[in-house]
Amino acid sequence: MKYDGITRRNVSSRINPDSESNEMSGSNIPRRGFGRFLRALRERAQKSLLTAGLAIDVSPPTILRLEDGLPSKVSTPQIERLLDLYQTTPEERAEALEMWEMVKRQAKLAKAQGLSKGWWQGYSDIYKTYFDHYLRLEAAATHMTSHQLVLIPGVLQLPGYRRALIHAHTPDMSAVDVERLLELAARRQQRLFGDDLNLVALLSESVLHHRPGGTGVLVDQLRHLNEIGERPNVSIRVVRNEVGAHPGFVVQSFTLLDFPLMATRLVEPPVVYTEGAEGALYLERDDVIARYRKAVVGIQAVALSEEGTRDLVLKISKEYSA
C-alpha cells in the first residue's frame, strides 16, 4: 500500500548554468550529479570515506552526505584537496570544479529566495523523514511514471480522498496538521498545471473501486481523473481486471522519476521509489531501472488507451452516482 508520506515523523530540458531561472532552488540535480561524480573518483582511487574525511578534516558522514547530494559544509579548497587525493586528470578536475560552482550558485540563489531547504521543509514535522528525499526528487523530475495497484497516485488525489487516507493511517493527527498535509499535497499538484512535468499514471481497475472516503468521495475523485487526464502532460491508463497476469503484479506499486540533462552533460540517473507502511526504497541501479522500464512497457501493452480509460472511469462514476 502506498501511503505517500502521510504520517507523523517517529526523508525538461537542459539546465543552462548561466540562467538563474533554470537553476531551480528546490532542485538537487546539480548537487546529486556532483556527489555521484565525486564518489566515482573516490572509488576509482580506492580511497575510503575515512581517508577522504581525514584529508579535508571532516568526518566520514560528511563525505557520505556530499556524495549523496545533500547539503554539506565543505569549502572549495577542501574540494580541491579531495581532487588531489583522488589523482584526477586536468579534464576531470576542471569538470568537477565546474559542477561545484553550479552547486554553489544554486545554493546562493536558493538562500536569496529563502528556499535553501526546499519549500516543503515547512511541513517536515508531519511527514516521514524518508519522504523529504522523495519531495526533492519530485521537485526536480520532468517525467513521472506511477503504477498503482491499490490507490490513486498521491499527486492526483483530491482533498477528500487524501483526508480519508490520513485519518485511516494516523487517526490521532490534529485537524491543523491534517490541513497542512492537504496543503502540501495541493502545492505538489500545482506542477501538473504547468508544462515542466509529464505524468503517466498506470492504474489497476481495482483502484477505481476502492472507497477510502466513501462513495461520494470516490465519485468526485473519478471525475477529477477524467478532467485532469485531458491535460496534454497527463496520461492516465487503466489495466482491466480481466487482463490476468502482467508485469505490474511482479513490480507492484512504484513511481519512476526521470530528470533533465545537466549543463555538464551528465545525466541525473532515474530513480524508482517504492513505499510501504514502514519505510521506502530508492532504487537507482541501472539493471533495476531497466527491469522497471521493461515492466512499464509490458503494463502499457495491456492497458486501455487514454480514451478507453476515460470511458471506463465515466461508466464507473455513473454507476456509483446512481
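Let's start with I236: in this predicted model, I236 touches L156, A201, L203, L225, I228, G229, E306 and T309, leaving aside residues up to four places away in sequence. I236 also belongs to the largest nonpolar core, where it is among the residues that touch the most other members. From there, we can look at the cores and then at the sheet.

**The nonpolar cores**

- The largest core has 47 residues, and L156, L192, L203, L208, L225, I236 and F259 are the ones touching the most other members.
- Several elements each supply at least two residues of this core, including the helices α7 (159–169), α8 (175–189) and α9 (215–228) and the strands β2, β3 and β5.
- Helix α6 gives the largest share of this core, with 6 residues.
- A second core of 18 residues is separate, and L41, V74, I79 and A96 are among its members.
- As background, nonpolar side chains tend to be buried together in soluble globular proteins.

**The sheet**

- Six strands form an open sheet with mixed pairing, and you can trace them in the order β3-β2-β1-β4-β5-β6.
- Strands β3 (234–239) and β6 (279–283) each have a single partner strand because they stand at the edges, so one side of each lacks a neighbour in the sheet.
- On average, neighbouring strands are turned by 15° against each other, direction ignored.
- β4 (residues 254–258) and β5 (residues 271–276) pair in the antiparallel sense over 3 bridges, and L256 has V272 in β5 as its bridge partner.

**A helix on the sheet**

- Helix α11 (residues 286–302) packs on the sheet and touches β1 (143–148), β2 (198–204), β3, β4, β5 and β6.
- The direction of α11 makes about 110° with that of β4.

Conventions. Residues numbered from 1 in each chain as written. Predicted model: local features only at pLDDT ≥ 70, side-chain atom pairs only at ≥ 80, totals over all residues. Heavy atoms only, no water. Pairing = 2+ DSSP bridges. Helix = DSSP H or I, 4+ residues; strand = E, 2+ residues; numbered from the N terminus. Axes fitted to C-alpha atoms, helices over the stretch in contact; angles between N-to-C directions. Contact = heavy atoms within 4.5 Å. Core = buried A, V, L, I, M, F, W, Y, C linked by side-chain atoms within 4.5 Å. Buried < 20%, exposed > 50% of the residue type's maximum accessible area, 1.4 Å probe, protein only.
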